[in-house]
Amino acid sequence: MSFQKKVITIERHIIEGERAHPGATGDFSGLLRDFMLACKIIWREVSKAGLVNILGAAGKENIHGDQVKKLDVFADDAIYKAMDHGGHLCVMASEENEDVLHIPDKYPTGKYVLLYDPLDGSSNIDANVSIGTIFSIYRRVSPSGKGTMQDCLQPGYKQVAAGYVVYGSSTMLVYTTGDGVHGFTLDPGIGEFLLSHENIRIPKRGKIYSVNEGNYRYWFDGVKKYVKYLQEEDKTTNRPYSGRYIGSMVADIHRTLLYGGIFMYPGDTRHPDGKLRLMYEANPTAFLVEQAGGRASNGNDRILDITPKSLHQKTPLFIGSAEDVCIAEEFMQGKRQLQPVAAS
Ligand code: AHG
Ligand code: MN
Ligand code: MN
């Protein structure tokens, strides 16, 4: 008699997923295995961040003008070093580096492309708030040899896999290869990610909205009206919604995937394209959320359909439960206005 449920490691899950696709070479599972190792190394550092003298700014700014923390640098490096020699990738790009990252000449190149945000929510590090790593994988479009910028600048619908690791009260990996969204919790005792959330489905409509309301003054009218709409009382649509904003996108998206609702970082009068990066933040989370039955938009267009022009371009983002995002889009496009709510 067995007292234990079947334990499925991330490795087993990936290999079984690959087996379902005839012709798979194992290349892809090797790539993900290398990436998981990097995330475990980052997790180890993040989880002892308060113990060692690693907190604090590294004293330089990344190309977005944000202050880079030491752990950002550490995470960026850990991923590059874990991924540069496996022969699975032809090129990489990271939020922390202006240009594409080439595979060193001494190592073979492969057929995949990796884009990553090594540490998301880094302004939260000192407060022991959840942070994360986000990744996005494409098939190369250049024929062979070293990968190019063109390999990196593909629209999000071409992703073959995407996911994130959230370093939180427990550490979780959530990923998709286009066949649903699956969540794994790190068992720190054995250092393995174990399947804990199979086939995550986002509720059709939620009752939480997530946005930095400190930017209210700079919001466009559509955003102001939409947030007002969410704050109105209407029992049939569960309004008013609750507000939750962590300020680590990974953590806000993780909650949105599980509980539903909407996370947004709109454009505003100071920053018409918002703050979040299309290639490192919007595309991978859009792929995940769509795979879970949700929706992701810039207010007008589907995120995954945007043709990228540069590695670090930003985009407004409305992402989460399909019905919530549809309503947000209607407000952004001026197709919906605030209605007087009938007294109950
Ligand atoms: P990163 O730490 O990778 O630069 O990303 C921070 C992002 C994202 O995680 C979060 O949702 C957003 O910045 C918060 O921005 P505000 O402080 O402007 O709300
Ligand atoms: Mn980020
Ligand atoms: Mn980052």
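Which residues have the most contacts inside the largest nonpolar core? They are L115, C152, Y164, V174, L257, I303 and L317, in a core of 41 residues. This is a predicted model, where local features need pLDDT of at least 70, side-chain atom pairs count only at pLDDT 80 or more, and totals for chains, interfaces and linings use all residues. Residues are numbered from 1 along each chain as its sequence is written, ligands are numbered from 1 in the order in which they are written, and side-chain values use heavy atoms, with hydrogens and water left out.

A quick word on terms: a nonpolar core is a set of buried Ala, Val, Leu, Ile, Met, Phe, Trp, Tyr and Cys residues joined through side-chain atoms within 4.5 Å, and buried means under 20% relative accessible area (1.4 Å probe, protein chains only).

| Element | Residues |
|---|---|
| Helix α6 | 249-259 |

Helix α6 is mostly covered, with 9 of its 11 residues buried, including H254 and L257.

Now the metal: E95 (OE), D117 (OD) and L119 (O) coordinate the manganese ion (ligand 3) at 2.3 to 2.4 Å. Donors here are N, O and S atoms within 2.8 Å of the metal (3.2 Å for Na, K and Ca); water is not among the atoms, so sites may look incomplete. D117 also bridges to the manganese ion (ligand 2), 3.7 Å from ligand 3. D117 and L119 are both buried.

Methods:
Buried < 20%, exposed > 50% of the residue type's maximum accessible area, 1.4 Å probe, protein only. Helix = DSSP H or I, 4+ residues; strand = E, 2+ residues; numbered from the N terminus.
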